[in-house]
Amino acid sequence: MIIIFSISCENEQDIEIGDVLIALNSDKENIEADGSSTVRITCEINPNATIDRREVKFEISSGKFVGADGNYLIKKSEFIEGRLLAIIDVQAPMSGTEIKISAQPNLPDLKNNYYILNHTIALSKSTPSTLTLNSDASTVKTGYRKEVFITALFSNSTGKKVSLGNNADFKDVWEDGSPANGIFRILNKSSDIESTIKIAYSIGETPIQESKVKIIGTVLNDNGSHSSIIDSLFLTIINKD
């Protein structure tokens, strides 16, 4: 006589699809919209879930997954200190007020939103702490078509990029502080994905007796007023032939 015993491991067949995902959490509730800060997202899976239900599909409304492209990512879970977890990292965008994150079992035929867990990360504006001016040349010739290209780089208090849309004001003065009245051609009016504003500068057509002109950049507050964040550089003037 042969006796066959059927043993069920941890009652896997008794786990309903709605009980697969236990929790969706993050290690931070707020990050700066600086294009580089990251937040770690952890989805906990029921340890009794069957193997085919242990992959998690993550989706994000903004930012990007670290190490992956696209707005969704499928991640296999693994046991860490006795818990079955799927862990991802999300990188902040450079604008917006929040990142919405969702997680659901990676089952293509699953259509019901009831099985989706949601979590929101607040985004705070990355504001300038420093401004750095650089030019592509140390001299500028007289003449309206003789331009020097200047880059104004914004950085926050930790040296990272600022959020999109920060502004600055530019002026030129002689060494004695009087206005030089050169021409600024603003190539992008507010900070871009490189955290910069780029301008082209010309001293003008009239022959100049001065030897140097000082370019001054000042970060503007949200209301358009001048802040105390300033940088400057000198350009040596060369009269055209």
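Predicted model: local features only at pLDDT ≥ 70, side-chain atom pairs only at ≥ 80, totals over all residues.
Me: How many helices and strands does the protein have?
Reply: The protein has zero helices and 18 strands. Both are DSSP runs numbered from the N terminus: helices are H or I with at least four residues, strands E with at least two.

Me: How does the radius of gyration of the protein stand against that of a compact globule?
Reply: The protein has 28 Å, whereas a compact globule of 241 residues would have a value near 18 Å. The radius is taken over C-alpha atoms, and the globule rule is 2.2 Å times the number of residues to the power 0.38. The C-alpha atoms fill a box of roughly 115 × 35 × 30 Å along the principal axes.

Me: Why is Ser 195 called buried?
Reply: Buried means under 20% relative accessible area, exposed over 50%, and partly exposed in between (1.4 Å probe, protein chains only). Ser 195 has 0% relative accessibility and therefore counts as buried. Ser 195 is found in the loop between strand 15 and strand 16 (196-202), and its phi is positive, near 65 degrees.

Me: Why does Asn 181 count as exposed?
Reply: Asn 181 counts as exposed because its relative accessibility is 63%. Asn 181 lies in the loop between strand 14 (168-174) and strand 15; its phi is positive, about 60 degrees, although it is not a glycine.

Me: Why is Phe 184 called partly exposed?
Reply: The relative accessible area of Phe 184 is 23%, so the residue is partly exposed. Phe 184 is found in strand 15 (residues 183-186). Beyond its neighbours within four places in sequence, its contacts include Phe 170, Ile 199 and Ile 215, contact meaning heavy atoms within 4.5 Å.

Me: What makes a set of residues a nonpolar core?
Reply: A nonpolar core is a set of buried Ala, Val, Leu, Ile, Met, Phe, Trp, Tyr and Cys residues joined through side-chain atoms within 4.5 Å. The largest such core has 25 residues, including Ile 41, Val 56 and Phe 58. Apart from it lies another core, of 23 residues, among them Val 162, Phe 170, Ile 199 and Ile 237.

Notes
Residues numbered from 1 in each chain as written. Heavy atoms only, no water.
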